[in-house]
Every structure is written in structure tokens, then in C-alpha cells.
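Open the structure in a viewer and keep the selection panel at hand. The stops below say what to select next and what is there.

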Amino acid sequence: MEISGPRGTRDILPEESYLWQKMENILHQAAQQYGFSEVRLPVFEHTELFERGVGDTTDIVQKEMYTFTDRGERSITLRPEGTAPSVRSFIEHKIFTKAQPTKWYYMGPMFRYDRPQAGRFRQFHQFGIEAFGTSDPDIDAEVMAVMVRIVKTMGISQFQLHLNSVGCPDCRPLYRERLIQYLTPFERDFCGDCKQRFHKNPLRILDCKNPGCQEAVKGHPALSDYLCDRCGQHFEQVKNTLALYGIDYVLNPQLVRGLDYYTKTAFELLLPDLGAQAAVGGGGRYDGLIEECGGPPTPGIGFAIGLERLLTAAQKQNPEAWQASYSPVDVFVVTAENEFAPDACSLLEEIRGSGMKADKDYLSRSLKAQMKFAGKTGARLVIVIGEEEKKKGYFVLRDMKLHEQRQIPADQIIDEIKSILVKPEEEQYAE
Ligand code: HAM
């Protein structure tokens, strides 16, 4: 029986994984430019963390978690997101006793039992940042600036940053009451999920994608009209700092996000060409979460980007930079006779030791077949070792890009291939 990968998972094969490495370099660099340091956290946690952290009325906790009982009878869950685990780690290691704020970033696989479709997987990858320990509105703007810088660096120019304030425990109850009053006449028309949300978490009805629900909420009261003074002032300053950074945004009073922990600022980055899965990333402030998870009262804010969606968007909007054209090696060494294999091995190690990628044939192919295989690898240079070459102390160097070949004295071969392959920094950036 042939065993295929589980539904909703995908293999990232070498032709694509090198694009992931390129994307990951951009992510590390962007986060570090803004003073965020990487944390690497486990992919599974105690189930209770997500029940408490993400919230038990959310879709994630109600129907999307990969939860199992381990051999020690503990309930374990594969992480569906990275914020609650970051908070757990922040508390467990008493990071709150150090100078604040704490600025962390992470990337890695997340797991949600979602219905698989384009841009939606059961194992997917996120890059996220979290800033703990400050409620300064400038950090809200900074967190959004990181997100915008990432998409721009990837070459994505068509996107919208949607922004809202979802208030705080002081101002939300009154709004909730008004919203319930407004929504009551429509209750019968809601989808199954929203019928439940109506009682547990009516704000979530605002961003339901079901057409019937969208129609019902069209004239809903806006949360921004109910913000308390503190939330209102905070929101104003976030907008001012965004303007200072030159970041455009769209005010979206319907944006409430699908996780329970948000307070004040909530935002999402939407891309026109991702279809139904238009959100490439989202985040917001969560000033009560650290306390909820057992830490001292500490504000926090962050976002996460879905990396499958980010790469798809980059490939659509900036195809030249993100098309798959992978060459595993720069140099391929071929031998006229099998007896020169030891010479090929020594030369290969010398090339690799000089920092370049090189390989040879391992199937005793004929010279012609080796040349053909070398072409398939996409190597820029091919070096030929044969009787004549060995006797006279030179190699034949073939440039597959320029379609020319030359004889190079053996003691100059490394410098010669370096001069072709290793470009000065200015030229690399000019590309
Ligand atoms: P989220 O909106 O649930 O937020 O997920 C963030 C991003 O992860 C989404 O915008 C999407 O790109 C990607 N994503 C989510 N589910 C899937 C899926 N099934 N398949 C593919 N991609 C997916 C969070 O996770 C919050 N922890 C973000 C945050 C950090 N808020 C504050 N700090």
C-alpha cells in the first residue's frame, strides 16, 4: 500500500525549500533590525495553555486543535499558534523580572484541524513577533511596521493594512450589550457558528465570512464610538505614529480577529490576490493575556504571518525574484575515465573548502552522460579531468552560461572559479 502524507500537510521539496531559506533570511533580518530576538519553543504544550490563552470560545480551541493524551495520561496539544507558548515561556523563565520590554520573534510549524483548501493547511508555518512589557502606542505602530517591511522586502506592493481598536474590559461590555440589541432581530438568519457566537462572543459575528451574516451586520454600531478615553487616546496615538512611519492603513470597524485575547489595537494585512484566504497575517494587543496565564499584569502586542501565504503572494506579485530556479551546486567535476575519480574527489574538497558548492558523478556514467547530468544540475561551471589534462597539469573549465571553455593551470583553478562565482558585494546588491 502506498502511504501518502496526511491531508492538509505538504512536503517542501528542494526546488522550493531554497526559496523558503531566502524568505527566512528576510524574516530574521527584519525582526533583528527592530531589536527582536529569536525564541525557539516546543511544538507541543499542555492543552490547558491554549484553552486559557487562546480562549475556549474560539474556533481554534473548539474545533481545530490536535489534542491527544500522551503515555503519561497528560493532555497535550500541537501548538495552533505561537502567542500563548511565548507567554508561557515569558512567565516560566521569569523574563518579567528583567528590564522591559521583551521583544521576541519565532518561526516554525503550527497545527490546526482546518478544512484544507488553497492557502489553508493543517500543518502550516508562521513567523511571529511578540513585545511584552509596554503599553506605549508607539510599539503598536512598530509591530505593524515590521509586518509592512517584511511584505515590502518580499516585493509585495499590493496589500492593505486593516486597523481597528477592539477596546478593553472597561469599554467592551457596553458595546457588547448594544451589539446584542442590534443583532437580536437577525439571530434566525445567522450561520450555525454565529448562532453560538451570538451568546458567547457576539463580536466575532462581525468578521464572519458567511454572506447571510455579513448582510445582517451591515449597519452595526461601531466599537470606535464606544471606546473609553484611555482606549480612544491609545488608538489616536497608534494612528499618529503610523502616519509618522509613512504606513497607510484602512480603518475597519468589523475587524475583531478570531482569538479571544485581543484588547485595543487589532490589525490584519490583506492581499487582493489571495482570494478567500486574503489575510497573510494578523495580530494585536493582548494586555490581559499574561495575567490570565498566571504571570504578573503585563501588556503585550504582536502579530503572526502565514509563510505559505506570504510566499504565494510574493510569487504572484514579484515572480522574477521568487521563481524556482534552483541549482544545488556551482561546480560539477567530470572525469574522462573512472580512474580519475580520486583526482576529482581531491579537487572537490578543495573547491568546497574555498566556500563553493561542488559535486561529481557517482554512477560511473560515460563522459557524455556526465556532461548531460552536469547540465541538469544547473551548475554554472564544469571541470573536466582527463589523461592529457592530468599529464600536462591543467583542467578544462567549461562555463555553461557563456558556452565557452578554457584550459586553466591546475594551481590556478580555485582562483579562477572564485573569480567567476564570487561576486563583489556591490554587484550582488545591484542584481
Ligand atoms: P492568526 O490570525 O490565527 O493569528 O494567524 C496568523 C496567520 O497565520 C494568518 O493570517 C494566516 O496567514 C496564517 N494561518 C492561520 N491558519 C492557517 C492555516 N490553517 N493554513 C495556513 N495559514 C494559516 C495568530 O495565530 C496570532 N497568534 C497572531 C498574534 C501574534 N497575535 C498577537 N501576536
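Select Val-333 and Ile-383: Val-333 stands opposite Ile-383, a residue of S14. Strands such as this one (E, at least two residues) and helices (H or I, at least four residues) are DSSP runs, numbered from the N terminus. The model is predicted, so local features need pLDDT of at least 70 and side-chain atom pairs count only at pLDDT 80 or more, while totals for chains, interfaces and linings use all residues. Residues are numbered from 1 along each chain as its sequence is written, and side-chain values use heavy atoms, with hydrogens and water left out.

Now widen the selection to the two strands. Strand S12 (residues 331-335) and strand S14 (residues 381-385) pair in the parallel sense over 5 bridges; two strands pair if DSSP finds at least two bridges between them. Strands of a sheet pair through backbone hydrogen bonds, either parallel or antiparallel.

Next, show the sheet around them. It is an open sheet of 5 strands with mixed pairing, in the order S13-S12-S14-S15-S16. Strand S13 (358-360) and strand S16 (404-409) are its edge strands, each pairing on one side only. From one strand to the next the twist averages 25 degrees. Axes here are lines fitted to C-alpha atoms, for helices over the stretch in contact, and angles run from 0 to 180 degrees between N-to-C directions.

Which helices pack on this sheet? Select helix H14 (residues 367-377), which touches S12, S14 and strand S15 (394-399); contact means heavy atoms within 4.5 Å. The direction of H14 makes about 175 degrees with that of S12. Then select helix H16 (residues 413-421), which packs on the sheet and touches S12, S14, S15 and S16. The direction of H16 makes about 10 degrees with that of S15.

Move to the other sheet. This open sheet of 8 strands has mixed pairing and the order S1-S5-S6-S11-S10-S9-S7-S8. At its edges are strand S1 (37-38) and strand S8 (250-251), and each pairs on one side only. Within the sheet, strand S10 (residues 279-285) and strand S11 (residues 300-306) pair in the antiparallel sense over 5 bridges. Select Gly-282 to find it opposite Ala-304 in S11.

Helix H5 (residues 137-153) packs on this sheet, and S10 and S11 are among the strands it touches. Its direction makes about 15 degrees with that of S11. Helix H9 (residues 229-244) also packs there, touching S7, S8, S9 and S10, and its direction makes about 160 degrees with that of S7.

Select the ligand next. Of the 26 residues around it, Glu-81, Thr-83, Phe-121, Glu-130 and Tyr-262 come nearest; a residue is near if one of its heavy atoms lies within 4 Å. S10 gives the most to this shell, with 6 residues. By class the shell has 10 nonpolar, 9 polar and 7 charged residues.

What lies 2.6 Å from a nitrogen atom of the ligand? An N or O atom in the side chain of Glu-81 does. Taken alone the ligand exposes 660 Å², and the protein buries 95% of that; accessible areas come from the Shrake-Rupley method with a 1.4 Å probe.

Two backbone details remain. A cis peptide bond, with omega about 5 degrees, joins Gln-100 and Pro-101, and Pro-101 is in the loop between helix H4 (83-92) and S5. Lys-264, in strand S9, has a positive phi near 55 degrees and is a residue other than glycine.

Conventions. A polar contact is a pair of N or O atoms within 3.5 Å; within protein, one must be able to donate a hydrogen and the other to accept it, and residues adjacent in sequence count only if both atoms are side-chain atoms. Ala, Val, Leu, Ile, Met, Phe, Trp, Tyr, Cys and Pro count as nonpolar, Asp, Glu, Lys and Arg as charged, and the others, Gly among them, as polar.
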